[in-house]
Amino acid sequence: MILAVVGGKGGVGKSTVAYNLGAHLDGVVVDADLAMADLPADRGPDLHDVLAGRAAPTEAVREGGPVALLPCGRSLAGARACEPTALVETVERVRDEYGRVVVDCPAGMCGDVGLGLLAADACVLVTEPAPPALGDALRARALARELDAGLAAIVLNRSNESSPTDMVARELGGPVTAVPESDAVADAQAAGVPVREHAPDAAAAAAFADLAGTVEQACRHADPMTYS
């Protein structure tokens, strides 16, 4: 299974959702934001190296942390040396080795987002209860349809009791998981661990678990042979 996590607007918490989904799905998270990587990285080959032909995809996967991760470099020189179209093959090779891949796509509507969606079996759309974010989410949803990436779930991030959950589900055409505004999310992110490890009793931890269940169900329904 390859799952793309997308969100038209930057700053909606897309990378946080991808990281926590990777934890719950026991998958490899690929930081596919070639220009503005956001997930933790350390020494060793990264996605820039893979897309430049300097390393194999599986060589760049970090397995020692709380979530298996294929990080991306953060240098302009590294980004310029990449061949972005190699991303699809890279993600597929990681899937062949590890089974499940969560692709953290870049924000906006640039071509790199389309490559992540092109590789994906399904996508998770991340937005928040603010008109600009919801407008961008509609455009990201249209791109996913165009590239035949089925919608597994929608995340309404930083939600509260007055958030328009029903409207979001209706307009975007999929099941919504509301992730509440929470200090536990920020604290876990600062510690570099999933919310379930930092604050297992937090409402956000339960929301991410529910999201993973929704994704599993959607992917099982779309391709039952994979789960037989």
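By class, the 22 residues around the largest pocket divide into eight nonpolar, eight polar and six charged ones. The model is a predicted one, and the volume computed for this pocket is about 420 Å³. Nearest the centre of the largest pocket lie Gly11, Val12, Gly13, Lys14 and Arg158. Four elements each supply at least two residues of this lining: helix 1 (14-25), strand 6 (150-159), strand 7 (176-180) and helix 8 (183-191).

Lysine 14 counts as buried because its relative accessibility is 8%, under the 20% cut-off. Beyond its neighbours within four places in sequence, lysine 14 is in contact with Val5, Val6 and Gly7, with Asp104, Cys105, Pro106 and Ala107, and with Val126.

Turning to the second largest pocket, about 160 Å³ of space lies within it. Its lining is made up of 13 residues, and Thr16, Tyr19, Leu39, Pro40 and Gln189 are the closest to its centre. Here the elements giving two or more residues are helix 1 and helix 8, both of which also supply at least two residues of the lining of the largest pocket. With four residues, helix 1 gives the most to the lining of the second largest pocket. The class make-up of this lining is seven nonpolar, five polar and one charged.

Definitions and conventions
Residues numbered from 1 in each chain as written. Predicted model: local features only at pLDDT ≥ 70, side-chain atom pairs only at ≥ 80, totals over all residues. Heavy atoms only, no water. 1 Å grid on protein atoms, 1.4 Å probe; cavity = no way out; pocket = protein on both sides within 12 Å on 5 of 7 lines; lining within 4 Å. Points joined across faces, edges and corners; volume = space filled by probe spheres on them. Nonpolar A, V, L, I, M, F, W, Y, C, P; charged D, E, K, R; others polar. Buried < 20%, exposed > 50% of the residue type's maximum accessible area, 1.4 Å probe, protein only. Contact = heavy atoms within 4.5 Å.
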